[in-house]
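Colleague: Before we discuss this model, could you put the sequence and the coordinates on the screen, and then take my questions one at a time?

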Amino acid sequence: MKQSKQFLRAKYLDKLKKMSEHDRKKINQKLQKSLFQCEKWLHAKIIGITISQTHEWETWPIIEQAWLEGKKVAAPKCDPSTKQLSFRLINSRQDLAVQHYRLMEPICDQTTPVLPNDLDLLVVPGLVYDRSHYRIGYGGGYYDRFLANFDHTSISLVWSGQMVDVLPRDTFDQPVSHMIIAP
């Protein structure tokens, strides 16, 4: 039986929310360690990365490591009227505020916009992934629209429990170029 995106989204969101703190911490550490050793990370000067929610893989340690390494960090900003994603450079937590969809996003008067292809590496969130690097996110299509015209490296941090063989796909769905998978 083929499962719908809506069903899979709900199933894997629930699975992530129910994960123990101990398991979440172990997986976070494995994903971060693998990312920091990845060739794409080592060469990236500007990294696009979302500000994680509690059930997602932690991005603050990644952001702080990027700053320690002298990299610039750009966080996404949603425009619900156009369903487009843009990125703005952040230098501290004070550059962020809760905005659309209750997400932490850059404050426009305090941050500078970044052109999409100025991002050397884009870390893309998701709930469930398949072997061909397609993902199901939260249903807004923001990242698929962004990735459609993004020419640099996109990467997702994935726990093996988020993997399936094949996901249902629509014509607008975009795969990420790389995945780091933790057991």
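Colleague: How much space lies in the largest pocket?

Modeller: This is a predicted model, in which local features need pLDDT of at least 70 and side-chain atom pairs count only at pLDDT 80 or more, while totals for chains, interfaces and linings use all residues. Residues are numbered from 1 along each chain as its sequence is written, and side-chain values use heavy atoms, with hydrogens and water left out. On a 1 Å grid over the protein atoms alone, a pocket is an open set of points with protein on both sides within 12 Å along at least five of seven lines, whereas a cavity is a set where a 1.4 Å probe fits but cannot get out. With grid points joined across faces, edges and corners, and volume taken as the space filled by probe spheres set on the points, the largest pocket comes to about 730 Å³.

Colleague: Which residues lie nearest the centre of the largest pocket?

Modeller: A lining residue has an atom within 4 Å of a point, and the largest pocket has 32 of them. By class, they divide into 14 nonpolar, 7 polar and 11 charged residues, where Ala, Val, Leu, Ile, Met, Phe, Trp, Tyr, Cys and Pro count as nonpolar, Asp, Glu, Lys and Arg as charged, and the others, Gly among them, as polar. Nearest the centre of the largest pocket lie Gly137, Tyr138, Gly139, Gly140 and Tyr142.

Colleague: Tyr142 also has a charge over its ring; which residue supplies the charged end?

Modeller: A charge sits over a ring if NZ of Lys or CZ of Arg is within 6 Å of the ring centre and within 35 degrees of the ring normal. For the ring of Tyr142 the distance to its centre is 5.9 Å, and the charged end belongs to Arg145.

Colleague: What is the volume of the largest cavity?

Modeller: The count comes to 1 cavity of 30 Å³ or more. The largest cavity is lined by 15 residues, with Glu56, Trp57, Pro125, Gly126 and Leu157 nearest its centre, and the lining has 9 nonpolar, 5 polar and 1 charged residues. Its volume is about 140 Å³.

Colleague: Leu157 belongs to strand β10; how many of the residues of β10 are buried?

Modeller: Strands here are DSSP runs of E with at least two residues, and helices runs of H or I with at least four, numbered from the N terminus; buried means under 20% relative accessible area, exposed over 50%, and partly exposed in between, with a 1.4 Å probe and protein chains only. On one side of β10 stand Thr153, Ile155, Leu157 and Trp159, and on the other Ser154, Ser156 and Val158, so that both faces are covered. Strand β10 (residues 153-159) is therefore largely enclosed by the rest of the structure, the buried count being 7 of the 7 residues.

Colleague: In the open sheet of 3 strands, why is one side of β9 and of β11 left without a neighbour?

Modeller: The order of this open sheet is β9-β8-β11, with mixed pairing, and β8 (residues 128-130) runs parallel to β11 with 2 bridges between them. One side of each of β9 and β11 has no neighbour in the sheet because both stand at the edges, each with a single partner strand.

Colleague: What is the phi of Arg102?

Modeller: Most residues other than glycine have a negative phi. Arg102 lies in the loop between β4 (96-98) and β5 and is exposed, with a relative accessible area of 75%. Although it is not a glycine, Arg102 has a positive phi of about 60 degrees.

Technical notes
Pairing = 2+ DSSP bridges.
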